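I opened this model to look up its fold, its confidence and a few single residues. My notes follow.

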Amino acid sequence: MSDSEDCRYTLERIFAFHDGVLPQAEVDEVGAHLMGCEGCLDAYEVERVMRAVIKRGCNVEAPASLREKVRASLATA
Ligand SMILES: [Zn+2]
C-alpha cells in the first residue's frame, strides 16, 4: 500500500476509531499509521479536540459572549 492509500484508509476510519466502533484489527492498523504519519496524527488531534469541546459544551454553561457568537453565526449560516 502506498503512503497516500494508507492515509486515506486511516482518515476514513478516524471517526469510527474515536467512537470505539472500529474492529480491533483496524484499530491496530490505524494506530500504527498514526504513530508514523504526522498529517493523519494532526487530523486525529483535531477530531479529538473538537470532541472534547463539544462534550464540555454539553456539561458546562457557555459564556454569554460565546453563545451570542454562536447564535450570530447560526443566523447567518
Ligand atoms: Zn497518513
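**Overall picture**

I began with burial: of the 77 residues of the protein chain, 8% count as buried. I call a residue buried if 20 or more other C-beta atoms lie within 10 Å of its own, exposed if 12 or fewer, and partly exposed in between, with C-beta atoms placed from the backbone. This is a predicted model: local features need pLDDT of at least 70, side-chain atom pairs count only at pLDDT 80 or more, and totals for chains, interfaces and linings use all residues. I number residues from 1 along each chain as its sequence is written.

Next I looked up the secondary structure. The protein chain has five helices and zero strands. Read from the N terminus, the order is α-α-α-α-α. Helices (H or I, at least four residues) and strands (E, at least two) are DSSP runs, numbered from the N terminus.

**Confidence**

I checked pLDDT, the predictor's confidence in each residue, from 0 to 100. The protein chain has a mean of 87, and 88% of its residues reach 70 or more. Confidence is highest in helix α3 (residues 24-36), at 96, and lowest in α5, at a mean of 78. Where pLDDT is low, the predicted coordinates should not be read in detail.

**Helix α5**

I then compared the length of α5 (residues 64-76) with expectation. The expected span is 1.5 Å times one less than the number of residues. For the 13 residues of α5 that should give 18 Å, and the end C-alpha atoms are 18 Å apart, so the two agree.

**Arg13**

I found Arg13 in the loop between α1 (3-12) and α2 (14-19). Arg13 counts as partly exposed because it has 18 C-beta neighbours inside 10 Å. Leaving out residues up to four places away in sequence, Arg13 touches Leu22, Glu26 and Val30. Contact here means C-beta atoms, placed from the backbone, within 7 Å. Arg13 and Glu26 are 13 residues apart along the chain, and their C-alpha atoms are separated by 8.3 Å.

**Ala16**

Ala16 is in helix α2. I read Ala16 as partly exposed, because it has 14 C-beta neighbours inside 10 Å. Not counting residues up to four places away in sequence, Ala16 touches Val21 and Leu22. From Ala16 to Glu26, ten residues along the chain, the C-alpha separation is 9.9 Å.

**Asp6**

Last, I looked up Asp6, in helix α1. Asp6 is partly exposed, since 17 other C-beta atoms lie within 10 Å. Asp6 and Glu29 are 23 residues apart in sequence and 9.2 Å apart in space, C-alpha to C-alpha.

Technical notes. Two residues are in contact if their C-beta atoms, placed from the backbone, lie within 7 Å.
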